[in-house]
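Open the model in your viewer and keep the selection tool at hand.

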Amino acid sequence: MARYFDVHPQNPQPRSIGQVVDLVRSGGLIAYPTDSCFALGCSLGNRDGLERIRQIRKLDDRHHFTLVCAEFAQLGQFVQISNSVFRAVKASTPGSYTFILPATKEVPKQLLHPKKKTVGVRIPDHATTQALLAELGEPLLSSTLLLPGHDEPMTQGWEIKEELENQVDAVIDSGDCGTEPTTVVDLSGDEPEIVRHGAGDPSRFE
């Protein structure tokens, strides 16, 4: 049965954040809000959590998972960033963008795109997410909470708890959350490619 945490949108309660992070560290899978929409998240090396996300969303092995990072400095540990890409990503973070980049050896192989050896990364502009990441001390392995057969991500914490009661370990609710996923930009090639138009303004990469 999923635990339900109702946290303040601007000043998330440290006790609640600590309890959620304890669940993540012990192998739990959580549903949490971001600056674009709700996401599913678990710790980086949690293979069971990864498979649970795949099952909930019915994903194949070509899906790009995302490492949700606390700050720009953390990205360099997990993805390779050239000087030109550095400037583009730096100017767009934190915000509602996911960037696909070549992964470093720090990223578990099961997270990589099988052919491209790439992974998604993002830095959200959301107080609750940032509090979780600060307490955890490492990125969250994440995927948008978009269920099979749904046109839009789920937006209400209590609805998510009812729907995924037996599939996640915790739901964090901090009020209204958007319905539009991040804009996904593939920066692994010679030219930027908009993979998905979403909440972030894509014009700077077109």
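The largest cavity in this predicted model has a volume of about 40 Å³. The count of cavities of 30 Å³ or more comes to 1. Select Val20, Val21, Val24, Ile30, Leu132, Leu133, Leu136 and Leu140 to show the lining of the largest cavity. By class, the lining of the largest cavity has 8 nonpolar residues, with no polar and no charged ones.

Next, go to the largest pocket, with a volume of about 330 Å³. Select His64, Thr66, Thr144, Val184 and Arg196, which lie nearest its centre among the 23 lining residues. Then colour the strands β4 (66-68), β5, β6, β7 (140-144) and β10 (193-196); each supplies at least two residues of the pocket lining. Of the elements, β7 gives the most, with 3 residues. The lining of the largest pocket has 11 polar, 9 nonpolar and 3 charged residues.

Now turn to the packing. Select Leu40, Leu67, Phe99 and Leu145: these have the most contacts inside the largest nonpolar core, a set of 43 residues. Elements giving two or more residues to this core include the helices α2 (47-57), α3 (72-78) and α4 (83-91), and the strands β3 (39-42), β5 (97-102) and β6 (118-122). A second, separate core has 17 residues, among them Val20, Leu23, Val68 and Leu140.

Which residues is Leu67 in contact with, leaving aside its neighbours within four places in sequence? They are Leu44, Phe78, Val107, Leu111, Val119, Gly120, Val121, Arg122, Pro139, Leu140 and Leu141.

Methods. Residues numbered from 1 in each chain as written. Predicted model: local features only at pLDDT ≥ 70, side-chain atom pairs only at ≥ 80, totals over all residues. Heavy atoms only, no water. Core = buried A, V, L, I, M, F, W, Y, C linked by side-chain atoms within 4.5 Å. Buried < 20%, exposed > 50% of the residue type's maximum accessible area, 1.4 Å probe, protein only. Helix = DSSP H or I, 4+ residues; strand = E, 2+ residues; numbered from the N terminus. Contact = heavy atoms within 4.5 Å. 1 Å grid on protein atoms, 1.4 Å probe; cavity = no way out; pocket = protein on both sides within 12 Å on 5 of 7 lines; lining within 4 Å. Points joined across faces, edges and corners; volume = space filled by probe spheres on them. Nonpolar A, V, L, I, M, F, W, Y, C, P; charged D, E, K, R; others polar.
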